[in-house]
Amino acid sequence: MAKKEKLPKKPMTKERLKNQIFNVIGNPFNMIVFFTLIILFCLIIIPLLNMLQNSFMVAKAELRQIPDAKVGDYTLYYWKYLLASPLTKTVFVEPLLHSLIIGFFVTVISVPLGSVIAWLMVRSDIPGKKILSAFILIPYMIPSWCKALSWLSVFRNELSGSYGLLTGMGIHVPDWLAYGPFAIIIVMCMHYYAFSYIMVSGSLRSINSELEEMAEIQGANRIQILSNITLPLVLPAVLSATIMTISKSIGTYGVAANLGNRIGYYVLATRMKEFINDSPKGVGYAMSLLMIALAAVTILVNQKLIGTRKSYATIGGKGTRSNLMHLGKSKYPLLIFLLVFLFISMFLPLFVLVMESFQIVPGRGYGWDNLTLYAWIGEVENAPSKGLSFQNGLFKNSEFGRACWNTAKLSIIGSVITAICGQFLGYITTRGRGKWYGNAVEQMIFIPYLMPGVAFSAIYFSMFSQPRLGGLIPSLYGTFMLILLASIVKHFPFASRSGSSNMMQISVELEEAATIAGASFWRRIRSIIIPLAKGGFLSGFLLTFISIAKELDLIAILMTPANYTLSFLSFDYSKEAMPQVADAICIVIIVFILVCNRIANRLGGDVSKSM
Amino acid sequence: MSKIVLEHIDKFYGDNHVLKDINLTIEDGDFMTLLGPSGCGKTTTLRVISGLEKPQNGKMTINDEKVIDADVAFYEEPSKRGLNLVFQSYALWPHMTVFENVAFGLKIKKMPKKEVEEQVMKALDTMRIAQYRDRYPNELSGGQQQRVAIARAIASSPKLLLLDEPLSNLDARLRIDMRAELKRLHKETGTTIIYVTHDQVEALTMSTRIALFKEGEIAQVDTPLGIYTNPVDLTAADFIGNPRINFIDGKAVCNGETLTVHSAFGEYVYKKDSIKWDEDIPLNEEFECVLGLRPEMVDIYTQNPNHKNTVEATVYASQPAGSETMVHLTVGEADFLALQIGLVEYDMNQKVFVVLHPSRMNVYRKETGRLIKYAKVKHHAGEMDD
């Protein structure tokens with residue numbers, strides 16, 4: 001093949017220089033790439049570096065703790081506070097241990113769970129597959145913090161202001177069951193099984209069943225086929241899902257906050273938020289850097305093991321002819337297993353949430369005398385119980401109206417901008433594949449993906465909670481702008497992936513044909529790219545829309561009362577001993593998500609791509 | 001109607017040197033085929049000519065007008081080169097009708113509406129697809145899409161038409177039809193055509209000249225007949241012709257006047273005029289060589305024909321395929337393939353008599369792989385049958 005030879009250097013003449021500059025400047029694509037690189041650098045790299053810097057810089061609040069220091073001095077105070085002080089055990093070692101324990105157990109349970117479900121749904125002849133497959137991802141669409149709330153509504157005990165279902169029935173619920181690691185692990189498993197399910201089922205679909213049939217002809221029994229043929233083939237997907245589950249479960253905030261905080265069980269994410277909302281913020285920054293490092297390491301390990309950058313995406317591939325495995329006698333026990341799973345992860349949480357939203361006193365059963373529409377349409381004057389007298393019912397509540405408005409504003413503006421940017425980013429990464437700028441854009445976009453939501457918002461908090469550029473950018477803390485900005489940038493990885501899969505379908509040759517016909521860059525975008533990208537754009541837009549609408553982790557740190565979204569309002573109410581109203585909000589969000597998802601599916605979108 | 005000259009074109013992708021010092025002149029009205037296996041640089045050359053790729057070295061002119069001068073980083077825009085391109089994938093815009101696809105380039109040139117309509121219909125008529133003008137590309141068959149793609153390329157009356165493996169996505173029958181269509185198009189319009197293909201039959205049947213590519217370099221430029229009879233090296237010989245050429249190992253000595261070759265077929269002595277003297281040939285010293293023998297130049301007889309170049313051979317296997325029969329033969333150490341017209345049956349291990357024509361064989365030097373003795377062309381050598 002072609003020998004490697006050095007490109008000869010050319011003498012630089014005036015004309016050559018002039019032509020070269022003209023070639024670069026005259027091409028709008030180059031200009032777009034140039035500005036994209038600058039913008040991404042400002043929105044991702046600079047905030048990250050800034051937080052790193054802040055974790056080494058004396059802030060006003062700690063002036064007294066650090067003798068002879070001025071604001072802005074270099075200090076190791078925060079890192080020492082976190083890693084080498086008498087408090088290290090409580091503020092760092094314990095939360096880290098908790099996070100790791102949770103990550104470990106969630107992974108150990110949810111990866112096999114998701115993989116088995118995937119195998120059953122793809123490769124077995126389990127009865128009722130069509131109906132089951134319509135439901136199997138619904139638990140994943142219910143936001144994880146909603147599931148945490150429904151866990152509480154079943155298991156809440158004397159520790160909370162109001163009882164849960166079981167306590168109300170007179171069954172004693174111990175603290176370890178109601179709150180803390182056990183509860184967190186179970187709830188997260190009901191959510192993160194989806195990663196393994198999506199990845200493994202994708203991988204299974206791409207395996208030709210002839211491979212298994214060959215083994216059968218050779219005389220292998222079902223177990224041998226599974227362990228010697230199928231499992232090794234899907235192993236990369238399982239591994240990928242494992243890493244992803246670890247990294248996500250370590251970084252999750254909403255579930256841990258709902259189920260851990262009230263008994264003082266902290267994980268990294270929840271502890272970090274306390275530091276950032278209170279003081280010393282520098283410690284919070286240092287912690288979130290450690291969280292980012294942790295997440296980055298797991299994902300890099302994944303890349304090393306799987307050997308490809310793309311492994312965080314679902315493994316694609318066309319379905320080949322596949323014959324189903326006969327389950328024989330174990331058919332019905334396995335069906336029951338699936339039904340129990342769906343019952344626990346989907347039906348029960350929804351049922352409990354809906355029912356509790358109608359209760360006067362939570363935990364006092366579902367008798368007529370304990371049912372009310374108060375949480376939905378009541379007013380404080382005629383509150384049926386003391387527990388409900390803090391707030392009007394949902395539809396009479398001005399906070400709800402405002403939160404609806406905020407949520408709508410945030411998700412519509414956010415997802416429109418994200419989706420448009422995503423298409424552009426996708427365009428640049430696909431057209432620049434293998435070129436330095438394409439790689440640079442891809443690498444930068446990948447960074448927000450590495451970061452847990454809370455850590456990411458911590459970066460933006462640290463960057464924009466004070467005026468920047470000599471007042472050119474005012475302090476954005478407490479503004480809608482900041483929440484919007486964080487939501488947009490955090491969703492870049494997903495949006496650009498959907499953009500690039502969209503652009504990948506538009507062959508470069510379609511554009512080249514237009515170039516030869518004399519179409520300019522903008523003409524090509526207008527006449528070729530936009531008309532062809534429309535469909536993919538819409539479904540990408542809707543999936544981002546859903547994701548922003550249910551987001552809690554990402555915005556928790558940046559939230560101020562004026563900007564409360566539905567999910568944060570619900571989170572807030574659940575802390576205030578108003579579970580009914582919090583539940584009602586959950587239900588509103590879930591219904592909204594399911595409807596949007598249905599529309600997105602119609603348009604060819606796929607919820608599995610929004611992980 | 002234009003003459004294209006490429007001088008010293010080099011193209012790198014990173015450290016990968018894909019085009020190495022390409023020099024090629026395409027005369028006005030030529031049907032020039034760039035032929036070679038995949039990955040040899042022929043499509044890249046086409047893209048350099050079209051302006052979609054910018055080479056790092058070299059110059060290119062169209063009708064003596066400068067289009068590329070890498071020394072001063074000058075690259076004329078594709079649309080200003082007066083050419084058009086048909087892509088391998090056709091690259092029809094799926095959201096536009098046939099009419100809109102063909103009209104797109106004309107509209108961009110701000111041609112008056114009436115004229116656009118005329119030009120488009122003319123192109124569609126030429127390709128005989130006027131009845132599909134309002135269909136979308138996905139409502140057409142592969143062959144029809146192909147015609148739309150060509151219509152789109154000729155609508156702007158380009159001086160130069162570039163075709164990148166245009167027939168590779170068609171089935172065998174359609175391919176033969178389209179070959180005829182393209183040949184007619186070339187004759188009717190008189191446009192210079194540059195055609196990229198890996199299919200030697202397309203190259204041999206359609207072109208006026210062929211440029212044979214090998215690993216980023218041009219190995220040989222010649223007429224189809226020239227390339228077929230005298231491939232310049234062993235790889236080229238192996239690539240051109242179906243079924244493949246037979247190679248028979250031998251030993252050769254050259255004394256400056258004649259070339260004497262010993263092989264399983266016996267001894268052949270070639271005269272001065274058939275030897276390619278510009279090649280590196282050792283004098284008065286035995287060296288290894290390879291004889292190139294086209295399968296169709298072997299005549300098989302069951303009775304001894306008493307021809308001076310007869311050898312006895314054994315049938316290894318025979319494959320009758322209706323219009324022709326392929327026969328595997330062995331002579332001593334050498335085994336080779338012969339092609340007979342029509343249906344002929346031979347038994348396995350049957351003894352037959354084979355008449356060979358030494359003057360119609362090529363001789364290659366094994367060490368360099370280069371052609372050192374030309375084969376004579378049969379049709380103007382009725383007198384030379386040996």
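The model is predicted, local features being given at pLDDT of at least 70 and side-chain atom pairs at pLDDT 80 or more, whereas totals for chains, interfaces and linings use all residues. Residues are numbered from 1 along each chain as its sequence is written, with chains lettered from A and ligands numbered from 1 in the order of writing.

Strand β15 of chain B spans residues 287-293 and also pairs with strand β12 (residues 246-254) of chain B, in the antiparallel sense and over seven bridges. B:Gly292 takes part in both pairings, as the bridge partner of B:Phe247 and as the residue opposite B:Asn362 in β21(B). Five of the seven residues of β15(B) are buried, a residue being buried if 20 or more other C-beta atoms, placed from the backbone, lie within 10 Å of its own, exposed if 12 or fewer do, and partly exposed in between.

Chain B is divided into domain 1 (4-235) and domain 2 (239-384), with bounds from an automatic or database domain assignment, and the C-alpha centres of these domains lie 37 Å apart. The contact between them takes 12 residues from domain 1 and 13 residues from domain 2, contact requiring C-beta atoms, placed from the backbone, within 7 Å. On the domain 1 side, α7(B) gives the most, with four residues.

In chain A, helix α14 (residues 268-277) is largely enclosed by the rest of the structure, because eight of its 10 residues are buried; among them are A:Leu268, A:Met272, A:Phe275 and A:Ile276. Elsewhere in chain A, helix α24 (residues 521-550) and helix α27 (residues 579-602) pack at an angle of about 170°, with their axes 9 Å apart, the axes being lines fitted to C-alpha atoms over the stretch in contact and the angles running from 0 to 180 degrees between N-to-C directions. The two helices, α24(A) and α27(A), are therefore roughly antiparallel, a term for angles over 145 degrees. Their contact includes A:Leu542 and A:Phe545 of α24(A) and A:Phe592 and A:Cys596 of α27(A).

Conventions: Two strands pair if DSSP finds at least two bridges between them. Two residues are in contact if their C-beta atoms, placed from the backbone, lie within 7 Å. Angles under 35 degrees count as roughly parallel, over 145 as roughly antiparallel, 65 to 115 as roughly perpendicular and the rest as oblique.
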